[in-house]
Amino acid sequence: LADIGGLESLKKWLQRKEKIFKHIDQAEAFGVDVPKGVLIAGMPGCGKSLNAKAAAKLFGVPLLRMDMGRLMGKYVGESEANMRKAIALAEAISPCVLWIDELEKAFAGVGGEGGGADVTTRLFGTFLTWLQEKDSMAFVVATANDIAKMPPELLRKGRFDEIFYVGLPKPIERKKIFE
């Protein structure tokens with residue numbers, strides 16, 4: 001995190017989650033929930049993906065990247081099975097950080113008409129249910145360039161612990177980036 005210029009509130013938030021993540025037994029004894037994850041939205045090139053990688057390093061766990069495009073299959077039911085396998089793999093490897101890049105593109109077409117949209121809607125439903133109900137130590141870091149294109153169900157409280165917007169760096173942040 002020290003190599004990331006700016007984004008101080010996001011970095012402090014991740015450091016608080018890291019303490020919970022590393023001492024989960026003590027945290028659960030005090031009634032603290034297992035951290036679910038974070039959605040980081042903002043303009044391209046402002047450090048969203050770098051923060052996903054830094055979170056895994058900070059937590060001291062493996063970083064898994066879910067490539068939503070590779071989940072799509074050409075046979076009926078194949079995409080849904082691939083999603084279930086990917087989720088099961090993340091839970092089997094946990095504790096880990098599961099990075100989902102450009103989340104808004106992954107679920108483009110949710111609620112639309114036609115075969116492709118139907119598959120995407122079913123994948124979306126599976127993913128939402130898992131996000132809401134998961135109790136594994138798979139910490140999700142989802143990034144998005146355009147939050148307006150995301151289905152509102154994804155932004156509902158309980159899916160992610162927090163949502164951060166990452167904008168263009170201010171002059172002092174630019175200085176830290178160049179340093």
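D25, E28, D33, E91 and D135 together form a negative surface patch. Patches are built from residues with over 30% relative accessible area and no salt bridge, with like charges joined within 9 Å. Asp and Glu count as negative here, while Lys and Arg count as positive. Accessible areas come from the Shrake-Rupley method with a 1.4 Å probe.

Helices are DSSP runs (H or I) of at least four residues, numbered from the N terminus. D25 has a relative accessible area of 63%, so it is exposed; exposed means over 50%, buried means under 20%, and partly exposed lies in between.

## About the model

This is a predicted model, in which local features need pLDDT of at least 70 and side-chain atom pairs count only at pLDDT 80 or more, while totals for chains, interfaces and linings use all residues. Residues are numbered from 1 along each chain as its sequence is written, and side-chain values use heavy atoms, with hydrogens and water left out.

## A network of salt bridges

Side chains of opposite charge can pair when their charged atoms come close. The structure holds five salt bridges, each being a side-chain nitrogen of Lys or Arg within 4 Å of a carboxyl oxygen of Asp or Glu.

Let's start with K11, which forms a salt bridge with E8, their closest N and O atoms being 3.2 Å apart. Both residues lie in helix α1 (residues 8–22), three residues apart, about one turn of the helix. K11 counts as buried because its relative accessibility is 8%, whereas E8, at 33%, counts as partly exposed. E8 also meets K176 in a salt bridge (3.8 Å, N to O). This pair links distant parts of the chain, since E8 is in helix α1 and K176 is in helix α8 (residues 171–178), 168 residues apart. K176 is partly exposed, at 42% relative accessibility. Through shared partners, salt bridges join E8, K11 and K176 into one network.

Another salt bridge brings together the side chains of K175 and E179 (3.8 Å, N to O). Both K175 and E179 are exposed.

## A buried glutamate

With a relative accessibility of 5%, E104 counts as buried. Its side chain reaches the backbone nitrogen of N145 at 3.2 Å. A polar atom of the E104 side chain also lies 3.4 Å from the backbone nitrogen of D146.

Technical notes. Patch = residues over 30% accessible without salt bridge, like charges linked within 9 Å, V, L, I, M, F, W, Y side chains within 5 Å. Charge placed at Lys NZ, Arg CZ, Asp CG, Glu CD. Buried < 20%, exposed > 50% of the residue type's maximum accessible area, 1.4 Å probe, protein only. Polar contact = N/O pair within 3.5 Å; in protein donor to acceptor, adjacent residues only side chain to side chain. Helix = DSSP H or I, 4+ residues; strand = E, 2+ residues; numbered from the N terminus.
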